[in-house]
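Hi,

Here's the structure I said I'd pass along.

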Amino acid sequence: MTYRLSQMKAVLAAVKKQGISMQKKLFFYFASLICGFLAVVIIILNFAGILNPTNKTFQRLLSAQSEVSLSYIKHNTAKLSANAVSFSQKLSTDIKKTLQINAMSFDDLGNNPTALKAVQSNTYNTVYTYMQLTPASGAFYYLNTTTKPEKGSYSGIYLKFKNLSTENTINTDISMYHGISSVARENKISLNSTWTLETEKGLFREIDEMMEQKNMKTAQEGVMTSLYQLPGTWEHAFFVCAPIVNDKKEIIGVCGFEINSLYFKYIYKNSVSDTEHMVLTVFDETDDSYSGIISEYTAASIISAEGNFKYVPNTPFDLFRINDEKYIGKTQNFSVGESNHYSAVMLPYSYYRYSKYKTQLLIFVIFLLITAAAIVCCSVLSRRYINPIINDIEGLKQGTINKQNLRIPEIVDLLDFLEQNDRDYEQKLSSLEEQKRLAEQEAARIQSELDRIIDKRKKELSDDGVNHFMQNLITLTPREKDVFNLYLEGYSGKEIVEKLGFTNNALKFHNKNIYSKLGVTSRKELMQYAVILKQRNRNE
């Protein structure tokens, strides 16, 4: 019974250690332990950032939004570029007709206010029409001529929409930013509060470069300028413009459309996700600095080239710093004609960090709850399933419960198994004891028979021969003693040759010497004396 209880303790210890269920009941206990372990592992992985999906979520969001916004920007700039080229061609025709009617050449327009007024009067409707047809905040053209050659300026018409409140410019009032004031009065439009007659050279780099080319070297196409602050205003804008050429392919001016910061917000806000945090920007690089327009879902603002806007390409997000605010984003290149620009969709870094920590905290809380639930489950299952097992075993040890009263069928099966093992063990033990008794009887019989044979051999062998044998054992050489001892241990001649590394002739030589020294004539006689020697040693 003691043996059986020790086996039961060992089995119970194994159950406790391994968490292995007894059939279906303890399976739930084991499953709870696994859940607790997995919860701890997942929490560790979460803090290591492996399970935090924030980065991938923001990458997908920014990449998708970047593609949508870039497509929208390309569509609008392509339309602006095409309209600019068409605008240029129509202006070229209008200017040609005006010059023909007045029998003048383009060079005659210089320092000639009357002729320039005629040109502006005849081109006003063209500027107005293209301004209405094009998604822009203004339209303009500059001719490479002036009424004030000493100041270095361009003459032309620059019209702007007033008080923009939507991207739809229908029925929106128009003002003249540059141009002859009498042309504005004739067409019943007001002058802009910062109106000037002409535009000074050097304000817009790309326009100056077009003017300086003189001749068209490639096919006529529109380009987009960098961002500029309009002289005398708070407004910032970029232009999509094209050269105006005459019949000789000489560049006589530049025309195009204005996209200011406010209008940029209106036309691009629908291309940005309706999250209040999403930001769209179009910007350029000039002399290792950046400038562009930002359009948020709720507002539009300017990013200047005065050191307040920094852009660092990076992985997985591009990094931006605008004034004191950090952003992450996705940047892509696009071109309008020969001009290259960047578009970027951005999110405030503070929002990204907040979302990341919020996700981490959520995952942490979830797995804390999982861990707590696993611990509670383990505790409940332990009390419900393990404690009854321990109580039954304690009852068996103290004799307060018998097998018929056990509540756990598995323990009953275990006891039956152990009892059967006890019976098998007792049978084997009884069989071994019987075999031992028979072996001892056989050993006693063999010893008695051996003593009888020795006594008989003693009588057959002379005492002088035995004494001679005993006395001359010391005369054997070490090698002869090795051979003699192996004979005593029951080795055959062949086995002695293999063990000592002799040849057969060497063994015969040693046998001859042993026989001669001990006074025997054969191996059989040698073994008879040896048996007597063993018997005498045992008796002594």
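**Salt bridges and a hairpin**

Arg-479 makes a salt bridge with Asp-482, with 3.5 Å between the closest N and O atoms. Keep in mind that this is a predicted model. The two residues sit about one helical turn from each other because they are 3 residues apart in helix H11 (residues 478-488). Arg-479 is partly exposed at 34% relative accessible area, and Asp-482 is partly exposed too, at 32%.

Glu-480 pairs up with Lys-517 in another salt bridge, its closest N and O atoms being 3.0 Å apart. Glu-480 is in H11 and Lys-517 is in helix H13 (residues 504-518), so this contact ties together parts 37 residues apart in sequence. Glu-480 is buried at 3% relative accessibility, while Lys-517 is partly exposed at 25%. There's also a network: Lys-160, Glu-235 and Glu-258 are joined by salt bridges that share partners.

Over in helix H9 (residues 409-460), Arg-445 and Glu-442 are 3 residues apart, about one turn. They form a salt bridge as well, with the closest N and O atoms 2.4 Å apart. Arg-445 is partly exposed at 48%, as is Glu-442 at 35%. Searching the whole structure turns up 11 salt bridges.

Now the strands. A hairpin of 5 residues links S13 to S14, and the two strands pair antiparallel over 4 bridges, with S14 covering residues 318-322. Opposite Phe-309 you'll find Ile-322 of S14.

Cheers

Definitions and conventions:
Residues are numbered from 1 along each chain as its sequence is written. This is a predicted model: local features need pLDDT of at least 70, side-chain atom pairs count only at pLDDT 80 or more; totals for chains, interfaces and linings use all residues. Side-chain values use heavy atoms; hydrogens and water are left out. Two strands pair if DSSP finds at least two bridges between them. A salt bridge is a side-chain nitrogen of Lys or Arg within 4 Å of a carboxyl oxygen of Asp or Glu. Buried means under 20% relative accessible area, exposed over 50%, partly exposed in between (1.4 Å probe, protein chains only).
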